[in-house]
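Please consult the sequence and the structure alongside the text.

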Amino acid sequence: MRSRTGTARAALAAAGLIAVALAAPAPAMAMDGDAAASLRQAREQCGGGEICFWYYRDYSGTPWRWTPANGYRDMPSNLHDHVYSFYANAEGCFIDWDPAERRRVNSGDYAQAYDTNFGRRIDAVGPSGMC
Ligand SMILES: [Ca+2]
């Protein structure tokens, strides 16, 4: 009896540990409060089915919006080689023509500081089938 109670206690303790482990947040990426707030704002600002492009980092300012129904589009002149943040609520294909490179983008993708990546190269956006 004594050992059975001990087993039950151990099982309860294990269940408790599992519950705690499941309740604990598991962020995919460390993010400070400002970055999280910026991302939340971008998510709210960018409509369903759109990819939003910002000239500045941190989704700051008014975004240029593209949807797959727009088809292929050259970036507006101010965003040519200068997309410093984006948020995607649609699939798409980011294109640099010289040197030619295409980057597929999925819904839910975003970059807060895209100037450290393809944002300094992007010339156009098109439907995901172009990638
Ligand atoms: Ca380019």
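Leaving aside its neighbours within four places in sequence, which residues is Gly71 in contact with? The model is predicted, and in it Gly71 is in contact with Gly126 and Pro127 once those neighbours are set aside.

Gly71 belongs to the loop between strand S2 (64-66) and S3. The C-alpha atoms of Gly71 and Val125 are 8.1 Å apart in space, while the two residues are 54 residues apart in sequence. Val125 is itself part of a strand pairing, being the bridge partner of Phe94 in S8.

Is Gly71 buried or exposed? Gly71 is exposed, because 11 other C-beta atoms lie within 10 Å and the cut-off for exposed is 12 or fewer.

## Confidence and overall composition

The average pLDDT of the protein chain is 86, and 77% of the residues score at least 70. Over residues 15-22, pLDDT stays under 50. For residues 15-22 the model has zero contacts beyond four places in sequence.

Two helices and eight strands are assigned in the protein chain. Along the sequence the pattern is α-α-β-β-β-β-β-β-β-β. Of the 131 residues in the protein chain, 22% are buried. Among contacts with a separation of 6 or more, 67% are accounted for by residues 24 or more positions apart.

Phe94 has Val125 as its bridge partner in S8.

Strand S1 (residues 51-54) and S2 run antiparallel and are joined by three bridges. Cys52 has Arg65 as its bridge partner in S2.

## Backbone features in the loops

Most residues other than glycine have a negative phi, and most peptide bonds are trans. Asp58, in the loop between S1 and S2, has a positive phi, near 65°, although Asp58 is a residue other than glycine. Tyr59 lies in the loop between S1 and S2 and has a positive phi of about 60° without being a glycine.

How do the surroundings of these residues compare with the cut-offs? Tyr59 counts as buried because it has 24 C-beta neighbours inside 10 Å, where 20 or more are required. Asp58 has 17 C-beta neighbours inside 10 Å and therefore counts as partly exposed.

A cis peptide bond leads from Asp98 to Pro99, with omega near 0°. Pro99 is placed in the loop between S5 and S6.

Terms used:
Residues numbered from 1 in each chain as written. Predicted model: local features only at pLDDT ≥ 70, side-chain atom pairs only at ≥ 80, totals over all residues. Pairing = 2+ DSSP bridges. Helix = DSSP H or I, 4+ residues; strand = E, 2+ residues; numbered from the N terminus. Contact = placed C-beta atoms within 7 Å. pLDDT = per-residue confidence, 0-100.
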